[in-house]
Amino acid sequence: MVRRIAILTLTSALALACNKDKGEGGGEKGGEGKGEGKVTAETGTAGEKSGAGAAGIRIGVLTDMSGLYADLSGEGSVEAAKMAVEEAGGKVAGKTIEVISADHRNKPDVGSAVARRWLENEGVDVIVDVPTSSVALAVNELTRAQNKVFIASGPASADLTGKACSPNTVHWTYDTWALANGTGGEVVRSGGKTWFFITADYAFGQALERDVTKVVTEAGGKVLGGVKHPLNNTDFSSFLMQAQGSKAQVIGLANAGGDTINTIKQAAEFGLGKSGQKLAGLLVFISDVHALGLDVAGGLMLTTAFYWDHDDGTREWSKKFAARHDGKMPTMVQAGVYAGVRHYLKAVAEAGDESDGRKVVEAMKKIPTDDPLFGKGTIDANGRKRHPVYLYQVKTKDESKAPWDYYKLVREIPADQAFNDPAKTGCSLVAGAAAPADAKGAADAKGDAKGAADAKGDAKGDAKSGTK
Amino acid sequence: MTSAGRQRIALLVAVVLLCAAPYVAYPIFLMKVMCFALFACAFNLLLGYAGLLSFGHAMFFGVAGYASAHAAKVWGLTPELSIGFGVLVAAALGAVVGRLAIRLAGIYFAMITLAFAQMIYFYCLQTPFTGGENGIQAVPRGKLLGLISLADNYSLYYFVLAVTLGGIAVTYRAVHSPFGEVLAAIRENEPRAVSLGYHTDHHKLIAFVLSAALSGLAGGTKAIVFQLASLTDVQWPTSGEVVLMTLVGGIGTITGPLVGATLVVMSEDLLASLGGWISVIQGFFFVLCVLLFRRGIVGSLAHWWPRRSSPPSSSS
Amino acid sequence: MSSVVLSQLLLGLINGSFYALLSLGLALIFGLMKIVNFAHGALYMLGALLAWLMLEKLGLGYGWALLLSPLVIGGLSALVEIGLIRRLRHLDPLYGLLLTFGLALLIQALAVMKYGTSGQPYPVPKFLVGADNLGFMILPRYRMWVITASIVVCLAVWAVIEKTRLGSTLRAAAENPRLLEAFGVSVPRLVTATYAFGGALAAFAGVLAAPMQQVRPLMGVDIIIVVFAVVTVGGLGSIGGSIITGFALGIAEGFT
């Protein structure tokens with residue numbers, strides 16, 4: 001019995017001792033942990049639970065480092081964040097800025113565990129990127145509960161500014177509504193009236209399918225059917241056969257990254273284009289086009305908020321980015337990380353205090369945005385970053401004159417039309433918002449998020465940095 | 001001082017240390033360790049004491065997680081009721097699966113449990129209430145007994161500590177009882193046990209259901225702690241993980257799984273910065289343990305550390 | 001039959017080919033060694049990985065891969081059997097299961113370390129590029145080849161097991177190894193050979209899979225679970241049962 005207890009105690013002591021040291025080296029550095037800033041902030045005694053009360057500002061880039069979205073975000077997003085920090089001189093309001101990163105592997109449990117640890121235990125003030133909507137929704141709840149900031153430059157789900165909206169979150173770059181309105185609308189207008197969906201079966205795919213369906217039906221089209229596939233699927237042959245069997249004019253791909261690449265590749269193998277059916281890639285990144293090659297991808301329509309070759313400003317920044325990222329041009333997600341961090345730092349300088357997330361986000365909404373990548377823009381009351389969005393078409397091999405010369409502009413969608421009207425999103429933060437079908441959902445989400453913050457009712461976030 | 005007195009002091013010291021722990025280390029990490037320690041303990045009840053290797057224990061762990069999450073979020077039950085519901089669901093599942101699987105032995109039993117676990121996984125993947133890949137998010141921590149808010153990590157820690165200790169105590173009681181003795185007999189030589197008149201299937205089924213229920217306790221608690229129930233908890237790598245924990249710690253010992261769980265969770269945490277190396281190291285230790293350290297850490301220590309004046313007990 | 005049904009049937013047969021090939025190897029190993037080879041999925045992945053490496057580093061194409069990859073992986077499997085699995089011969093086969101499980105974890109984790117979780121593309125060999133219009137669907141030629149190759153291999157192995165002397169020796173070893181040893185047959189060597197052959201079959205399936213799915217370090221993980229189901233249902237150890245169940249499951253999957 002004594003021996004038993006001795007063994008247990010020894011093990012626990014070991015565990016605690018090792019956990020103690022985590023305060024210093026700390027943080028889940030994903031991948032090989034390259035190039036994280038050195039910890040300049042003193043984190044004080046073991047397992048420091050205070051917020052950034054210590055001397056610095058910590059930016060956490062939570063992304064997919066090794067999975068199907070790694071190319072469109074991943075290490076590139078970390079680089080983009082660092083570029084923004086370097087531009088600001090590494091300091092804001094007299095405090096040093098540090099960038100750490102981690103891999104959420106597209107799993108909500110991994111992502112939320114990392115985010116929780118970052119926010120509660122490692123003094124992270126703002127989480128950026130998160131290119132997977134299911135993880136983003138979980139992080140959204142955590143930052144709301146802990147009163148920190150979430151700059152969602154990676155995920156697509158419009159719910160982040162809709163029924164799950166939060167005063168701590170800014171949804172940058174793009175969302176499913178913009179995609180539906182852009183690509184979806186354009187394809188329907190040019191004759192694609194009947195649709196069949198191939199959908200990634202999680203938050204993002206479901207939201208995208210829902211939003212595009214709305215656009216299609218409102219334009220007088222019809223959705224003949226759809227099929228759902230697991231995230232990170234490799235074999236789309238049976239889904240493509242069903243799509244073919246439906247005889248729909250348009251096969252809408254409500255998926256992204258590696259899934260989209262595989263679907264398009266296999267569609268080509270199975271000769272899908274030959275019978276007159278068109279593929280509509282509802283979310284396509286330049287990294288996908290690069291992987292597919294122009295023979296396969298040429299002619300695809302896509303909606304994006306950023307293209308590296310759009311103007312001098314984007315070109316200059318993108319070349320700098322490519323120099324740090326293996327010569328690869330940035331995707332809109334990576335561009336969003338840069339712009340988002342840049343604006344966040346401006347807001348912190350204005351608000352003076354980075355530990356109150358709500359205050360910082362208010363400052364972000366107050367200051368109009370301006371950067372060389374997205375131009376001039378604003379942030380709506382529901383957290384939606386508003387900027388123009390563009391409809392591009394992928395060039396064919398002959399049309400492309402230089403490496404990464406992939407897109408030709410079809411149309412610019414101005415900022416006021418690019419995203420959903422805040423009053424219609426069902427977000428409870430917007431005064432006079434239409435009562436959404438699941439108001440309960442929003443209320444629940446906010447209620448639950450009281451979580452660790454001990455805030456009651458609508459207490460403005462007093463900086464609950466978690467110290468007891 | 002008598003041996004019993006020494007035991008009591010050791011126990012007291014341990015309890016004090018456990019109570020002080022959250023002020024030294026990150027409470028969420030500690031709670032994760034405890035949930036997995038309980039899970040491994042429950043698994044070991046079946047493997048170490050009944051001699052049945054189940055390769056699908058994640059189904060109890062994960063399904064209870066979903067059940068508890070659903071109860072807390074959608075029905076608004078208090079945490080102890082939600083977790084209790086999770087335990088019931090896991091036990092019921094255990095009864096059904098156990099009934100069908102108990103007839104088989106050895107490899108076949110392992111394969112059948114794996115097959116069932118996969119079916120449960122696919123069910124969880126498809127059915128809407130689990131949220132598929134999204135999982136059940138924003139699970140409220142709620143108020144214990146409607147009175148004490150568990151939103152705070154510290155209050156939650158003591159609750160989880162109580163639950164875990166309770167679960168371990170139940171395991172201990174089950175093992176050190178006439179029931180436990182019969183189980184040991186069945187493990188050693190089933191035909192003989194049958195010939196002595198014991199209803200072996202009956203005993204094995206009870207052990208299975210108990211193991212399932214305690215795994216459910218661990219899973220439900222975890223869902224409340226992390227406020228999330230996800231597919232990962234019903235996938236077979238989780239089943240594999242608990243096997244690893246038990247193997248490394250020591251099959252057939254009470255403390256073994258606890259040590260194993262602590263080490264595995266700790267290593268995952270520490271090595272998180274090394275990314276993919278965690279799995280490499282886990283795989284390596286798995287192989288190493290199977291080849292050389294079949295007794296696991298605690299088992300090996302028990303073997304080498306000479307017993308002093310402890311009363312003759314069947315296992316340490 | 002409507003074209004959708006026919007096309008799903010054909011696609012199901014393609015998937016079934018992999019299930020059948022893999023369960024064949026698994027059934028062989030289980031029949032003789034009573035060990036469920038959890039590492040089977042990892043060996044399948046290694047087969048594909050080796051094919052990719054041969055192309056990348058040595059410029060050796062598909063044909064070479066089909067031939068050499070199974071040989072190399074078979075050799076590796078033999079080493080694993082002699083070095084590791086054999087040590088557990090005297091114990092409950094559950095330990096063998098656990099060992100192969102750990103090996104699978106290790107091998108797959110190492111591959112992920114080196115190559116990340118997303119895949120490396122492997123091109124369809126030139127002589128199999130293109131598709132044929134079958135009327136109800138357009139079937140890529142490569143997939144036709146996959147069905148053909150696996151049916152041929154499965155039948156060949158089944159014939160050897162059921163009809164030849166080698167096969168009967170193997171079946172005897174599965175039933176009563178002691179008695180067989182008394183007849184002068186080296187059972188340990190037979191065991192090593194069987195395990196090696198099982199590994200080679202897995203690698204062969206891997207090479208077949210490479211052009212169809214990308215070469216991913218985790219490609220063995222999901223398929224192995226299905227294969228276990230096949231082997232369990234088809235009768236652990238029954239060769240014919242596993243083959244048929246494998247194809248059947250593939251077809252059934254296509255319709256659900």
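Helices here are DSSP runs of H or I with at least four residues, strands are E runs of at least two, and both are numbered from the N terminus. This is a predicted model, where local features need pLDDT of at least 70 and side-chain atom pairs count only at pLDDT 80 or more, while totals for chains, interfaces and linings use all residues. Bookkeeping, quickly: residues are numbered from 1 along each chain as its sequence is written, chains are lettered from A and ligands numbered from 1 in the order in which they are written, and side-chain values use heavy atoms, with hydrogens and water left out.

Back to that pair in chain B. The axes of H4 (79-101) and H9 (200-226) come within 7 Å and cross at roughly 145°. Axes are lines fitted to C-alpha atoms, for helices over the stretch in contact, and angles run from 0 to 180 degrees between N-to-C directions. What meets what? On the H4(B) side you have, among others, Ala90(B), Ala91(B), Gly94(B) and Gly98(B), and on the H9(B) side residues including Ala212(B), Ala213(B), Gly216(B) and Gly220(B); contact means heavy atoms within 4.5 Å. By class, this contact has 14 nonpolar, six polar and one charged residues. For the classes, Ala, Val, Leu, Ile, Met, Phe, Trp, Tyr, Cys and Pro are nonpolar, Asp, Glu, Lys and Arg are charged, and the others, Gly among them, are polar.

Now chain A, with its 15 helices and 16 strands. One bit I like is an open sheet of four strands, ordered E8-E7-E9-E10 with parallel pairing; a pair needs at least two DSSP bridges. Which strands stand at the edges? Those are E8 (222-229) and E10 (278-281), and each has a single partner strand, so one side of each is left without a neighbour in the sheet. Ignoring direction, neighbouring strands are turned by 20° against each other on average. E7 (194-200) of chain A is joined to E8(A) by seven bridges, and Trp195(A) has Val223(A) as its bridge partner there.

Two helices of chain A pack on this sheet. H6 (203-218) touches E7, E8 and E9 (250-254), with its direction at about 165° to that of E7(A). H8 (257-269) touches E7, E8, E9 and E10, at about 155° to E9(A).

Staying in chain A, have a look at Pro330(A), in the loop between H11 (312-324) and H12 (332-351). Buried or exposed? Buried, at a relative accessible area of 2%; the cut-offs are under 20% for buried, over 50% for exposed and partly exposed in between, using a 1.4 Å probe and protein chains only. Leaving out residues up to four places away in sequence, Pro330(A) touches Ile286(A), Phe306(A), Trp308(A), Trp317(A), Ser318(A) and Phe321(A). Phe306(A) is 24 residues away in sequence, and the C-alpha distance is 8.9 Å. Across chain A, buried residues make up 62% of the 468.

Last, chain C: 10 helices and two strands. Its radius of gyration is 18 Å, close to the 18 Å that the globule rule gives for 256 residues, so chain C is as compact as a globular protein of that length. That radius is over C-alpha atoms, and the rule is 2.2 Å times the number of residues to the power 0.38. The C-alpha trace spans about 60 × 45 × 30 Å along its principal axes, and 56% of the 256 residues are buried.
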